[in-house]
Amino acid sequence: MSYDLDTAEKAAYAPFFGYMGAAAAQVFTVLGAAYGTAAAARGIMATGILRPELVMKSVIPVIMAGIIGIYGLVVAMVIKGKVIPSSQGYDLNKGFSHLAAGLTCGLCGLGAGYAIGIVGDAGVRGTGQQPRLFVGMILILIFSEVLGLYGMIVALILST
């Protein structure tokens, strides 16, 4: 029995991995964004009880968490646009590359959303007690957000 490399690489199930990459990018980044939003909202509500004038200023972590979901949407649409039927030349190499891209973006977004949630909760509560902590909170939120951006950049490179 001989092994035909061309037949193995052009397997009919290769697009499955590409679509799983698109799904992973969207699902994991949205999970991170949802956690970040929920955790930061806890801190906003706790701060709003004692200092209601700070509520609008404290919404920044929620906005940043929502951006994480957009990273996943961008990568999922890029991957989805590149998946074609295996009969038209989509092979396992492309499928695994798109799966890796989706997982990279998704898991980086999940971690970034988790970090934004923790920093947002603690930062908003701390800013409610000591307003000078606001700039420090924003800087840490930016560094947390950029983790998701790095994942998106690597995913876009992997998906070419």
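This report describes the overall form of a predicted single-chain model and then the surroundings of selected residues.

## Overall form

The chain contains 5 helices and 0 strands. Read from the N terminus, its elements follow the order α-α-α-α-α. The radius of gyration is 20 Å, well over the 15 Å that the globule rule gives for 160 residues, so the chain is more spread out than a compact globule. The spans of the C-alpha trace along the principal axes are about 75 × 25 × 20 Å.

Of the 160 residues in the chain, 42% are buried. Among contacts between residues at least 6 apart in sequence, 85% join residues at least 24 apart. The residues described below give examples of individual contacts.

## Helix 2 and helix 4

Arg42 belongs to helix 2, which covers residues 14-50. Asp121 belongs to helix 4, which covers residues 92-129. Beyond its neighbours up to four places away in sequence, Arg42 touches Asp121 and Arg125. Asp121, with neighbours within four places set aside, is in contact with Ala39, Ala40, Arg42 and Gly43. The side chain of Asp121 also reaches the backbone nitrogen of Gly43, at 3.2 Å.

Are these two residues buried or exposed? For Asp121, the relative accessible area is 14%, so this residue counts as buried, the limit being under 20%. Arg42 has a relative accessibility of 47% and therefore counts as partly exposed. A further C-alpha distance places Arg42 at 11 Å from Val62, a residue 20 positions apart from Arg42 in sequence.

Thr127 is another residue of helix 4. Its relative accessible area is 4%, and Thr127 is therefore buried. The side chain of Thr127 reaches the backbone oxygen of Gly123 at 2.7 Å. Not counting residues up to four places away in sequence, Thr127 touches Leu54, Leu133, Phe134 and Met137.

## The loop between helix 3 and helix 4

Val83 is found in the loop that lies between helix 3 (60-82) and helix 4. Ser86 is in the loop between helix 3 and helix 4 as well. Val83 counts as buried because its relative accessibility is 8%. Ser86 counts as buried because its relative accessibility is 15%.

Which residues does Val83 touch, not counting residues up to four places away in sequence? They are Pro15, Gly18, Tyr19, Tyr90 and His98. With neighbours within four places in sequence left aside, Ser86 is in contact with Lys10, Ala11, Ala12 and Pro15.

Val83 and Pro15 are 68 residues apart in sequence, with 6.1 Å between their C-alpha atoms. Ser86 and Ala12 are 74 residues apart along the chain, with a C-alpha separation of 5.6 Å.

## Helix 5

Gly148 lies in helix 5, made up of residues 134-158. The relative accessible area of Gly148 is 1%, so Gly148 is buried. Apart from residues up to four places away in sequence, Gly148 touches Ile68, Tyr71, Cys108, Gly109 and Ala112. The C-alpha atoms of Gly148 and Ala12 are 32 Å apart in space, and the two residues are 136 residues apart in sequence.

| Residue pair | Separation in sequence | C-alpha distance |
|---|---|---|
| Val83 and Pro15 | 68 residues | 6.1 Å |
| Ser86 and Ala12 | 74 residues | 5.6 Å |
| Arg42 and Val62 | 20 residues | 11 Å |
| Gly148 and Ala12 | 136 residues | 32 Å |

Definitions and conventions. Residues numbered from 1 in each chain as written. Predicted model: local features only at pLDDT ≥ 70, side-chain atom pairs only at ≥ 80, totals over all residues. Heavy atoms only, no water. Helix = DSSP H or I, 4+ residues; strand = E, 2+ residues; numbered from the N terminus. Rg over C-alpha atoms; globule rule 2.2 N^0.38 Å. Buried < 20%, exposed > 50% of the residue type's maximum accessible area, 1.4 Å probe, protein only. Contact = heavy atoms within 4.5 Å. Polar contact = N/O pair within 3.5 Å; in protein donor to acceptor, adjacent residues only side chain to side chain.
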